[in-house]
Amino acid sequence: MSRLPAVKRRRLSPPEDDETVTNKFYQNASQWNLEEAYAKRTKKQKAKDKKSDRLPIKTQEGKVEQAQQQEQVDEPSSEDEAAADQAEKVDEEVEEQAPEAPTEPEKPIKQQILEAKEDLARIAGMVSEDPEENISQLKSLAQLAANKNPTIKQLAMATQVAVFKDIIPGYRIRPLGDEDPKAKLSRDVKRLRHFEQTLVSCYKEYVNALARCVKAGSRDATPAQATVASMAINCTSILLEAVPHFNFRSELLNIIVSKLSSRQVDKDFVKCREALETLFQNDEDGNSSLEAVSLLTKMMKSKDYNIHESVLNTFLHLRLLSEYSYRASTNRIDKDDDTDPLPAKLKKKQREFRTKRERKQLRERKVVEKEMAEADAAVSHEERDAHQSEMLKLVFVAYFRILKQRKPNLMGAVLEGLARYAHLINQDFFGDVLESLRDLITSQALALEEFDPDADEERDMTRETLLCIVTAFALLQGQDVTKSASSLSLDLSFFSTALYNTVLSLSLDPGVETFSTATLAANKKVNAQTPAVLLLRSLNAQLLPPHAVRAVPPTLLAAFTKRLLTASLALPEKAALAVLSLVKQVVRVHGSKIAALWYTDERRGDGVFDITRTDVESANPFAATVWESEMLKLHYCPKVREAAIEVEKGIVSRRS
C-alpha cells in the first residue's frame with residue numbers, strides 16, 4: 001500500500017489572554033475609516049446593480065457574452081481638490097528645499113542677436129504689409145525693445161522708427177470722447193478705430209521709452225547706456241523730421257531741446273540741431289515752428305542764455321525770411337509767380353468735346369471750387385500770420401535780452417539775426433536798437449585798444465563791429481532813409497564814421513579772406529562769412545541804399561571812394577576785385593558827384609587831404625586825387641588791372 005502524505009500542521013501562536021486581545025482590537029479600530037469604507041461599498045454595490053445597456057458580443061471562441069461596462073471615473077470632490085492642493089504645496093516646499101537642478105546654458109549673444117534680427121524682420125514685414133490686420137504686432141516690437149542687451153535694444157528701436165514712419169497716417173488722431181465707445185459703428189469704422197487707437201498707444205509708449213533712454217544716458221552713464229541714448233536721439237530726430245504733424249510732437253521737441261541745452265557739441269547735438277533746422281524749413285502753417293521756438297526760448301531763459309551759439313542760429317532757418325522777404329504796396333507785390341501762363345487759345349485737337357450742359361456744369365463747379373479755395377486760403381493765411389507774428393515776438397525778445405546782457409559768445413549770432421530780420425522790426429524800437437548798437441561798437445573799440453588776448457579769442461571784435469553796422473542800415477531797408485531818419489530822429493553818422501575807420505585796418509589784415517579761429521571752432525554754417533564779405537555788405541548798405549540814392553552826401557561818397565581805392569592796393573586778389581566792382585557801381589550811380597577825384601580842374605574846395613582823420617567831413621576828400629587807379633593798372637593780377645580800367649572808363653563816360 002502506498003503511504004499517504006502527512007497532513008501539514010499549522011503553526012499556532014501561543015494563546016493570549018482576553019485583556020491582550022481587547023487592547024489590540026482598540027488599537028486597530030483607531031485606524032479604521034468607516035465612512036470611506038461605507039462610501040466605497042455603496043459605490044461598488046451601485047455599480048453591480050446598474051444594468052448594462054450594451055449589446056452582447058461574440059468572442060473569438062464563438063461564445064456569446066455580455067459586454068462589460070467600463071468603470072466610470074469618479075470626479076474629484078472638493079475635499080479631494082483641497083487635499084491635492086495641499087499635496088502640491090508640500091511638493092513645492094520640498095522642491096525649494098531640495099538642491100536646484102542644473103539649468104540649461106544660456107544662448108550665446110551672437111545667436112540671440114541673430115534670432116532677434118529674424119524676429120524683427122518678420123514682424124516689421126507683417127506690419128508693413130497689412131497694418132490694420134497686424135497692428136497688434138507693435139507690442140511684440142516693444143517687448144523686443146525692452147531687452148537688456150544694448151545691441152538688440154538698438155536694433156528694435158531702429159525697426160520701430162522705420163515701421164512708424166511707414167504706417168503713421170497724414171493726419172493727427174484725436175482721443176476718443178466719453179460717448180464715442182457707445183456709438184453704433186459699422187464694421188469698417190470699428191476696424192479703423194481699433195487701428196488708430198492701438199497705433200497711438202504704442203507710439204506713446206515708444207516716445208516715452210525714447211525719453212527714458214536719453215535721460216538714462218545723460219549723466220554718469222555707462223558706455224552701453226550712452227550708445228542706446230545716441231540711438232534714441234537719432235530715432236527722435238527722424239520722427240520729428242518725418243511726422244511732425246502726428247501726436248506727441250511736444251514730447252519729441254522736449255527731447256531735442258533738452259539735448260540742445262548742453263554746451264557740449266557732439267554728433268547727437270548736431271543731429272538735434274539739424275532736425276530743428278529741417279523742421280523750420282519744411283513747416284508751412286507755422287504751428288510746429290511756433291511750438292519749437294517757444295520751447296527754445298524758455299530753455300534759453302532758464303539757462304540764463306548760457307547756450308551754444310549754433311542753437312541761436314537755428315532761428316535763421318525760420319520761414320519768416322522767405323515769407324516776408326517781398327515788398328508789397330496797395331496795388332502790386334514784387335513776388336515771382338512760378339505758375340506758367342496758360343496759352344490764350346488751345347489748338348482744336350487739344351480741346352475736349354463737351355455738351356452745352358456739361359460746359360455749364362463745369363463753369364458752376366469752377367465757381368464753387370474757387371470760393372472754397374479762397375475761404376480755405378483766408379483761414380490758413382490768418383492762422384499762419386498769427387503764428388509768424390508770435391514767432392517774431394519770441395525771437396526778438398530773445399535777441400534783445402542777449403543784447404542787453406552782452407553775452408560774449410552770442411553777440412555775433414544776435415547781430416547776424418538782427419541784420420537778417422531788421423526789416424521786420426517795428427519802427428518804435430529803432431531808436432533803442434540803434435542806441436544799443438552804438439554802445440556795443442564803442443565798447444568793442446575800447447576792447448581793441450586795450451587788446452585783451454583772452455577776450456579776443458572768445459569774440460571777434462571786427463566782425464561784431466561790421467555786423468552792428470549792417471544791422472543799423474538794414475533797419476531802414478525798403479524805406480526812405482531821409483524821411484525815416486528825420487521822423488524818428490535817427491543819427492546814422494556814427495555808423496558811417498565807424499565803417500570809414502574800419503576799411504584801412506581791415507585791408508591790412510592778412511586773414512581778411514579767411515574765417516576766424518572762433519568761427520572755425522564753432523563749425524558755423526549760417527553766419528560763417530569772411531570779414532571781406534561783411535565789409536562789402538556794410539559798404540553796399542552805406543553807399544548804395546535801395547530807395548534813397550540822393551540821400552548819400554557827396555563828401556561821404558568821395559571819402560569812401562578814396563579810401564576804398566587805397567585799400568585795394570593792400571587787399572588780396574579776390575577782395576580787391578570785389579572792392580573795385582563796388583567802386584564801379586558807385587561811379588555808375590554817383591559818377592557826377594565824385595568826378596572831381598579824377599579831374600583836378602573840377603576840384604571843389606581848398607586845403608589838404610588828411611588820410612589819418614577819423615571824421616569824414618574833416619578829412620577834406622575833394623582835395624585829394626585818386627592816384628591809386630594808376631597803381632592798380634600795374635597790378636600783378638590781370639583781372640585787377642582790367643577792373644581799374646573799367647572804373648576809369650565809367651568816370652570818362654559820365655563826364656562826356
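## Salt bridges, core and a cavity

K633 comes out partly exposed, since its relative accessible area is 26%. Bear in mind that this is a predicted model.

**Salt bridges**

- The total comes to 14 salt bridges.
- E132, E133 and R191 form one network, joined by salt bridges that share partners.
- E277 pairs with R273, with 4.0 Å between the closest N and O atoms. Both belong to helix α10 (residues 267-282), where they are four residues apart, or about one turn of the helix.
- Is E277 buried or exposed? E277 counts as buried because its 15% relative accessibility falls under the 20% cut-off. R273 is buried too, with a relative accessible area of 5%.
- R613 bridges to D610, and here the closest N and O atoms are 3.2 Å apart. R613 is partly exposed at 40%, and D610 is likewise partly exposed at 25%.

**The largest nonpolar core**

- This core has 143 residues, and the members that touch the most others are L138, Y203, L296, Y399 and W598. Helix α7 (residues 187-216) is the top contributor, giving ten residues.
- Leaving out residues up to four places away in sequence, Y399 touches L312, F315, L316, V414, G417, L418 and Y421.

**A buried serine**

- S568 is part of helix α23 (residues 554-568).
- With 0% relative accessibility, S568 counts as buried.
- Setting aside residues up to four places away in sequence, the contacts of S568 are A576, V579, L580 and L632.

**Cavities**

- Searching the whole structure turns up six cavities of 30 Å³ or more.
- The second largest cavity holds about 70 Å³ of space. Ten residues line this cavity, and those closest to its centre are D283, G286, R319, Q388 and M391.
- Which helices each supply at least two residues of that lining? They are α13 (320-323) and α14 (356-405).

Terms used: Residues are numbered from 1 along each chain as its sequence is written. This is a predicted model: local features need pLDDT of at least 70, side-chain atom pairs count only at pLDDT 80 or more; totals for chains, interfaces and linings use all residues. Side-chain values use heavy atoms; hydrogens and water are left out. On a 1 Å grid over the protein atoms alone, a cavity is a set of points where a 1.4 Å probe fits but cannot get out, and a pocket is an open set with protein on both sides within 12 Å along at least five of seven lines; lining residues have an atom within 4 Å of a point. Grid points are joined across faces, edges and corners, and a volume is the space filled by probe spheres set on the points. Buried means under 20% relative accessible area, exposed over 50%, partly exposed in between (1.4 Å probe, protein chains only). Contact means heavy atoms within 4.5 Å. A nonpolar core is a set of buried Ala, Val, Leu, Ile, Met, Phe, Trp, Tyr and Cys residues joined through side-chain atoms within 4.5 Å. A salt bridge is a side-chain nitrogen of Lys or Arg within 4 Å of a carboxyl oxygen of Asp or Glu.
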